[in-house]
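Reader: Could you take me through one part of this model in detail, namely the way its aromatic rings meet? I would like a connected account that gives the cut-offs behind each term.

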Amino acid sequence: MKKFNKNILVFVFCMLFVGVGLFSGDLFKGLADSFQNAMSGSSDRFTKISKFEKQVDKTSSKNLLYHDWMIDVNSVKDNLTGTVYVTSKEVAKTESGFLVSPRKKLSDKDLLLGTDSVLALKNVAEENGAKFLYCAAPEKECYAELPGNVPDETRNNRATFLNRLKEINVPYFDMLSYFEETDFSIHDYFHTDHHWKPGSGLKATKAICEELQERFRYSFNPDLLRDENYTTQTYQDHFLGSYGKKVGTYFMWSGRDDFEIITPKFPTDLTDNTSQTEKHDFESVMLDKSKLSENYYNVNTYNTYKYPLYHTRIIKNNADNNEKKVLIVSDSFAQVVVPFFALQNAETHVCDVRNDQGLLGEKTNLQSYIEETRPDYVIVLYSEESDIKSDRYHFF
Amino acid sequence: MLFSSTTFLYLFLPIVLFFNFIVFKKSRLLQNIFLLFASLFFYAWGEPKFVLVMIASIIINWFFGLIISKKRDNKKISKLIIALDAAFNLGLLFVFKYLTFAGNIIDSIFGTDLPIPNIALPIGISFFTFQAMSYVIDVYRQRGEVQTNILYVGLYISFFPQLIAGPIVRYETIADEIKNRKETVDDFFNGFARFVVGLSKKVLLANSFAIVADQAFDSAQNGDSISVMFSWLGAIAYTLQIFFDFSGYSDMAIGLGRMFGFHFLENFDYPYISTSITEFWRRWHISLGTWFRDYLYIPLGGSHCSKARNIFNLFVVWALTGIWHGANFTFIAWGLMYFVLLVIEKLTGIHKKNNKVINVLKWLYTILFVILGWVLFRASSISDAIVYLRSMFGLNGNVFSDGMFTGWFTQNLILLVIGVVLCTPLFRVLGEKTKNSHVAGYVRSGALVCLFVLSVASLVSSSYNPFIYFNF
């Protein structure tokens, strides 16, 4: 009797696997959309064909039913085989179990571009009667212990940038040095994301308020920043951060991060010009709980602390009596700072000048904005001194 | 289109299998026409303009094949046809691959500034031009029936399994199978299993070794000082990368061919166990070596001539082997390195000596030169190659070991061990010993399914997927 060829099983199982991916996902709809997108526009035929091919290549992977599971499977494989640094994604894992993204050395040209831009903003602020402070939030990579084959210039870039700010007399707050006096560490950041945690945002708010008070006699209510006056609700294993999305959930066995929602125990009365809600409480104005989703690869749970979808967001604290108006020019590190900082001011204007996040509204020209709104304080809260090339230093 | 892509695995292959084995099951003619158009589509994917080059090649070579089959008895005309065919195919190769290189050499020798256009390289041109020449020559030598149907010539030249990166399939190998192949159940499923093996080698191994190799070579090229150990690690990683990349691709090509009833010859036979350079070139890229042997070396006189002439013949073959790989002096140097070693072996007969101790020493000498050769091959210039080679022997004032070596080595230790083991015929021997075991068979099948899933997982996750031999 002819021997059973077991390779039949290989073919059958593999084709079943392919079939499930093909027919259960929305691959065909994705292909139809790709065709439509590619054929629109006025480019020549070969360009349209090339565009269609690229979209098909992308769709045939992205629209598979088990796309996210495959990334998880791959992360298990990488973990088992001892991979530490995924160079194609620029993500490495530290010895203490955190994902980080090593940075290249900041070029002299980029250094000058960034620092000169900050100087220009400082001059505009001061010319319009505002007090100015550049707050350098510590990047997670500053605390990372990486193996010898993962070179990282984060700390050096940061030091170079701040030294230059010092040379050109721009007042800055080195939050890394500040936190060295405390127990702040890499554990104040998410394992799988580049951001600091919401609780760390509260600590950072306190640090910024203290620094502003020391420099400019900024008045703030420390009771509004005490941990005891806040409720923390923890969502276990609920957040797969930016780095984790790139390398997969199980690139570290710890998997996803817990996610904390911190809300004040005391009453608040806030309005936000970009908000659709008529409610004035902290949760309605500052939080978007729809982002607490289990669609870990496609939703950014960090945006539960509202991401400034608009270039400029104005939060009015109707409970504040001292009429302070603060403009905070920020990146996403401010998402977990602004909710607590806004409670200290009558008006907090939050401006994200970057164009690369698909923000709505016109890009804000900060010179016109400062001249028009006349804030009392202009604060820049940035986390990345290495990322000069993005729009973050294009203030005007 | 790449085999190692979700477009191929989820769209192209299932559609082609469906049409070939179900829709056109009853007509060989329709199957062949379908496979031809599928192959042209495969090539056009990503290279829409260059498919016209492929079509031109098919038409011209078909025409030359027809002429030569009619004029075979007239030696003068036959030689003229072959010369014209070679001139066309090599001319095509020269224009797309070597024109810029040749122009730069002329400029540097004569101080000119020739207006050389920047021509993109059609993928796989080195493979399909050689295959096309093989058709005309084999028809002349009566080692395969002339194909009057241009579509069948097109199918031979452009058949998608071996189109982009080989093996170089000689016309005589599959001439009969174009019309008279028999697709069997065993061939189909065994071919698929072979495809999965190749896919895993490429995606799971070659791509991983590429990361380490790139780190080492790019650092050296950027002027960074790399330690002795890291430079060796980079060279060994590249040695493994190129093997698993290329042999993996060949496995996929051979496996796919077999599914459709075509039996391509093996292209690799555990080359890294070779105990001489002579043996290495009988185990590495066998289709290229035999092509040069049968279509160039032997017609030049081979070894049936004086020693001086034999050395000259070897020189021509190895210089051209080097040039075939790329338009850069590094490839020529690489080819000529093998020429020198082969001549030494030929003159001394060292490759024929055989005992346990000598074999170990021979293996060490062989693998050493193979690794050093790959450094030449990988470097972007002769000067970069020299710098890298000097790093390997501590001649740049570089340290012996550093964090880069320790980090990359420890993080890739498991894969390095797997890679080294798979370079040996251990699994083939195990397979032979357990071929009658049902349990072993099911374990093997299960392992292949897992490898397929892991490969897909890697493809979905990753966008780092270079095929080295695509430059050719």
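**Aromatic pairs in chain A**

Author: Over all chains the count comes to 105 aromatic pairs, where rings of Phe, Tyr and Trp (its six-membered ring) pair if their centres lie within 6.5 Å, and planes under 30 degrees apart count as stacked, over 60 as edge-to-face and the rest as tilted. One of them joins A:Phe259 and A:Tyr305, whose ring centres are 6.0 Å apart and whose planes stand at 55°, so this pair is tilted. The pair links distant parts of the chain, since A:Phe259 belongs to strand 7 (residues 257-264) and A:Tyr305 to the loop between helix 10 (282-286) and strand 9 (312-317), 46 residues apart; helices (H or I, at least four residues) and strands (E, at least two) are DSSP runs, numbered from the N terminus.

A:Phe259 has 0% relative accessibility and therefore counts as buried, and A:Tyr305 is likewise buried at 0%, the term meaning under 20% relative accessible area, with exposed over 50% and partly exposed in between (1.4 Å probe, protein chains only). The rings of A:Tyr393 and A:Phe395 have centres 6.1 Å apart and planes at 70°, so that pair is edge-to-face, and both residues are buried.

The model is predicted, with local features needing pLDDT of at least 70 and side-chain atom pairs counting only at pLDDT 80 or more, while totals for chains, interfaces and linings use all residues. Residues are numbered from 1 along each chain as its sequence is written, chains are lettered from A and ligands numbered from 1 in the order in which they are written, and side-chain values use heavy atoms, with hydrogens and water left out.
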